[in-house]
Amino acid sequence: MFRCLKEVLSGTILILYSMRNTTYLTLIFSLWLALTLPQIGFTSTVHVRLVDNTVPNAGRVEIGYKGVWKSVCGTNWYIREANVACRMMGYNQGAAAAINGMTSSDDAWPSIISCRGQEDAITFEECTIRNRKFKPCAHDRRAGVVCKSVLDPNITVRLVDGRTRNQGRVEVRYFGIWGTVCDDDWDLADAHVVCRMLNYSKALWAGTVKVKGSGPILLDNLMCNGKERSLEECRQKPWGKHDCHHGEDANVTCEDRKHQSSFDVQVRLTGGQSHFGQVEVRYNGTWIPVCDDTWDISDAHVICRMLGFNRALVAIPRFSVGQRGFWLSGLGCNGDEHSISECYHHGWMNNKYRRFYNAAVICKVHNDQGANLAVRLMNGSTPNEGRVEVRYYGVWGTVCSFGGWGLRDAHVVCRMLNYSRSSWAGVAKLKGSGLVLLDNLKCNGNEKSLEHCPDIRWGRNYCSHYRDAGVKCEMTTQEESSIIVRLVKKKQKNVGGIEVKYNGTWRPVCDDSWSILEAIVACRMLGYETALAGIKKYSIGKDGSWMGGVVCSGDELSIGKCSHRGWSNTKCHEKFYAGVVCVINKDPPPVQIRLEDGSLPNSGRVAVRYGNVWGTICNKGLDINDAKVICRMLGYTGARKVYPVNSFVLSSDIIWLSDLECNGTENSIVDCRHPGWGQTKTCKENDGGVVCTTAGAPPIQIRDTKDISYSNVVIF
């Protein structure tokens with residue numbers, strides 16, 4: 001009876017779908033789905049095992065349900081699903097790889113499994129399991145896993161089925177299982193890394209095998225630059241993901257060090273100092289420059305050791321324009337060679353038809369006194385303006401203005417020169433010469449030196465001197481030193497928006513660059529010891545004069561000594577006040593959570609108390625993992641969902657957090673990553689809300705859908 005009813009409903013669905021009768025289609029499909037889901041979704045006890053495996057922790061995945069074992073289709077099989085499968089088999093660290101190309105002759109479950117990765121089991125209640133539209137799964141596209149049995153993947157390589165020991169099919173071992181490498185994007189750079197792992201000097205040939213392998217294909221679309229020490233350092237698809245067959249297995253021929261040609265190589269530095277200059281190599285009695293096409297710090301280390309230095313400090317590309325003739329290009333050292341004759345390169349090339357750029361280096365001198373960083377302003381009309389030049393380990397160079405040079409970077413330069421701030425940052429009027437030492441500076445503006453700016457890259461640039469950075473610095477005036485601050489729109493006596501009084505006029509402080517450092521200075525001016533938080537979007541302001549772009553280092557005695565856009569400034573993008581929470585006592589109350597405006601006690605807008613002040617969490621970035629932590633703080637066992645956008649309009653409270661990043665296992669949101677308390681740059685998505693799990697099984701509802709190939713199941 002049950003089977004006949006299903007068949008009748010299936011026929012009815014097809015007829016209604018062809019007629020596009022969505023009203024009756026939804027009703028009939030819901031009934032059909034209710035009868036079918038218990039068969040294609042694993043709702044009772046489910047077991048997982050590995051078969052066709054040579055090691056215990058890796059192999060083809062089979063799922064056992066009601067006494068029937070079948071493989072799983074590799075379509076839509078990713079690391080998330082593999083993590084759940086591995087944990088079900090007792091590997092608590094999860095999966096190292098999800099393999100989508102295992103082979104099996106049996107039938108596969110007619111389902112596509114989609115998990116988030118944190119589930120305890122592959123069941124209908126936890127993962128999304130939907131029909132494959134009755135399309136069978138290919139026998140060579142079955143799912144497999146490599147589970148983490150140890151912390152170290154212990155990656156090694158070997159060459160198989162070659163005529164000699166230095167050639168053959170490339171196979172790689174990953175967490176104990178051996179597999180092949182697909183030849184998609186396979187080239188000499190990838191082969192060099194393999195040969196280096198096998199203690200050969202370099203690769204002579206890279207191609208496709210004559211004798212194909214078997215088992216899993218573990219790597220595809222390798223994109224090595226040739227200097228990596230291991231394949232795991234190369235860019236690639238996730239381990240186990242590929243679109244290949246074993247007829248595409250990668251092959252290599254390596255060159256043994258004892259058979260490679262060697263010659264007496266000499267190097268020298270020109271156009272600089274004893275430890276700095278353009279790199280040249282002597283070849284056949286002639287000094288030849290080194291091309292910068294693959295030049296990096298590993299190559300520079302080898303050059304510096306050949307010159308008697310310990311190591312390199314900076315590898316400099318585009319040092320100067322090369323002349324036509326011979327040059328050494330494609331240099332690929334891993335950094336521990338004794339001579340560049342042991343490194344891979346493209347050969348001694350004749351640069352007859354195009355120009356190239358020469359490589360240069362700064363080597364570390366024995367017993368030096370450190371970087372001894374300094375800045376100076378050159379060719380300006382007054383001492384407080386000019387082209388920015390920086391000294392690094394005794395070498396002077398310019399700073400490129402391309403890639404974001406602005407007032408924040410200039411503030412740091414001016415501070416190093418004992419000025420209070422910068423009033424202008426741009427391209428220098430007169431270009432410099434020699435080395436361009438810095439590019440793409442990303443200073444916050446409160447650093448005391450350029451070396452403290454994030455992601456600083458010495459010597460790595462593609463600039464010309466037409467883009468040399470310039471700056472104009474200023475000192476703090478007497479009026480600025482005597483400004484005072486006050487709190488307005490107070491929520492408590494120590495919590496409010498900031499206004500400053502300058503030349504007898506009160507004006508608000510814009511929140512555009514406001515952080516805890518600026519708040520610390522403001523709170524000290526108000527008589528408090530320090531600040532607990534600097535708050536963006538404290539309250540809306542009006543058109544008029546603003547103190548904007550305020551950037552402090554945190555140790556200033558007055559906010560007037562911090563960098564800002566000047567007193568004639570009217571710019572404040574969204575016209576929000578900067579706010580502060582000043583510290584009253586050294587032991588503020590713990591962070592607390594409550595739910596507001598919900599239909600049930602376990603649902604609603606998330607309210608947070610921080611520093612004894614209640615506020616909200618922005619919906620931006622809020623996901624189910626964040627909700628799990630929030631619900632755990634409230635004593636619930638888990639989270640059911642995060643409310644969608646526009647469920648709760650923004651309240652007038654402080655937005656304490658946005659872009660919360662929890663992994664779901666933390667005991668408190670205090671342990672999760674976020675931009676900072678009160679540091680909400682944008683929150684157009686409204687206040688965040690959650691629904692927590694209570695005791696008992698959740699009800700299931702099937703959404704209306706026009707697509708009859710699968711169902712959307714919503715758990716409330």
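A residue is called buried when its relative accessible area is under 20%, exposed when it is over 50%, and partly exposed in between, using a 1.4 Å probe and protein chains only. A359 has a relative accessibility of 0%, so A359 counts as buried.

The structure is a predicted model, in which local features need pLDDT of at least 70 and side-chain atom pairs count only at pLDDT 80 or more, while totals for chains, interfaces and linings use all residues. Residues are numbered from 1 along each chain as its sequence is written, and side-chain values use heavy atoms, with hydrogens and water left out.

Helices (H or I, at least four residues) and strands (E, at least two) are DSSP runs, numbered from the N terminus. A359 belongs to strand β20, which covers residues 357-363. Contact means heavy atoms within 4.5 Å. Residues up to four places away in sequence are not counted here, and A359 then touches Q278, V279, V290, C291, D292, W295, I316 and F319. The C-alpha atoms of A359 and G322 are 9.4 Å apart in space, and the two residues are 37 residues apart in sequence.

S449 sits in a loop, the one between β25 (435-438) and β26 (469-474). Its relative accessible area is 7%, so S449 is buried. Apart from neighbours within four places in sequence, S449 is in contact with L373, V412 and M416.

**Aromatic rings**

Rings of Phe, Tyr and Trp (for Trp, its six-membered ring) pair if their centres lie within 6.5 Å; planes under 30 degrees apart count as stacked, over 60 as edge-to-face and the rest as tilted. The whole structure holds 12 aromatic pairs. One of them joins Y502 and W567, with ring centres 4.1 Å apart and planes at 10°, so this pair is stacked. Y502 is in strand β28 (residues 495-502) and W567 is in the loop between β30 (531-535) and β31 (579-582), so the pair ties together parts that are 65 residues apart in sequence. Both Y502 and W567 are buried.

W546 and Y577 make an edge-to-face pair, at 5.8 Å centre to centre and with 65° between the planes. W546 and Y577 each lie in the loop between β30 and β31, so the pair ties together parts that are 31 residues apart in sequence. W546 and Y577 are both buried. Elsewhere, ring pairs link Y174, F175 and W239 into a cluster.

A ring can also have a charge over it, which requires NZ of Lys or CZ of Arg within 6 Å of the ring centre and within 35 degrees of the ring normal. The charged end of K70 sits over the ring of W109, at 5.1 Å from its centre. R318 lies over the face of Y357, 4.1 Å from the ring centre.

**The largest nonpolar core**

A nonpolar core is a set of buried Ala, Val, Leu, Ile, Met, Phe, Trp, Tyr and Cys residues joined through side-chain atoms within 4.5 Å. The largest one has 36 residues, and those with the most contacts inside it are V608, W656, I669, W677 and V690. Elements that give two or more residues to this core include β30, β33 (603-610), α9 (624-633) and β37 (689-693). α9 gives the most, with five residues. Domain 5 (484-583) and domain 6 (592-693) each supply at least three residues to this core; these domain bounds come from an automatic or database domain assignment.

**Salt bridges**

Side chains of opposite charge can pair when their charged atoms come close. A salt bridge is a side-chain nitrogen of Lys or Arg within 4 Å of a carboxyl oxygen of Asp or Glu.

| Salt bridge | N to O distance |
|---|---|
| R605 and D597 | 3.1 Å |
| D659 and K620 | 3.8 Å |
| R673 and E661 | 2.8 Å |

D659, in the loop between β36 and β37, and K620, in the loop between β34 and α9, are 39 residues apart, and their pair links distant parts of the chain. D659 is partly exposed at 26% relative accessibility, and K620 is partly exposed at 27%.

R673 is exposed at 59%, and E661 is partly exposed at 43%. Salt bridges that share partners also join R49, D52, R60 and E62 into one network.
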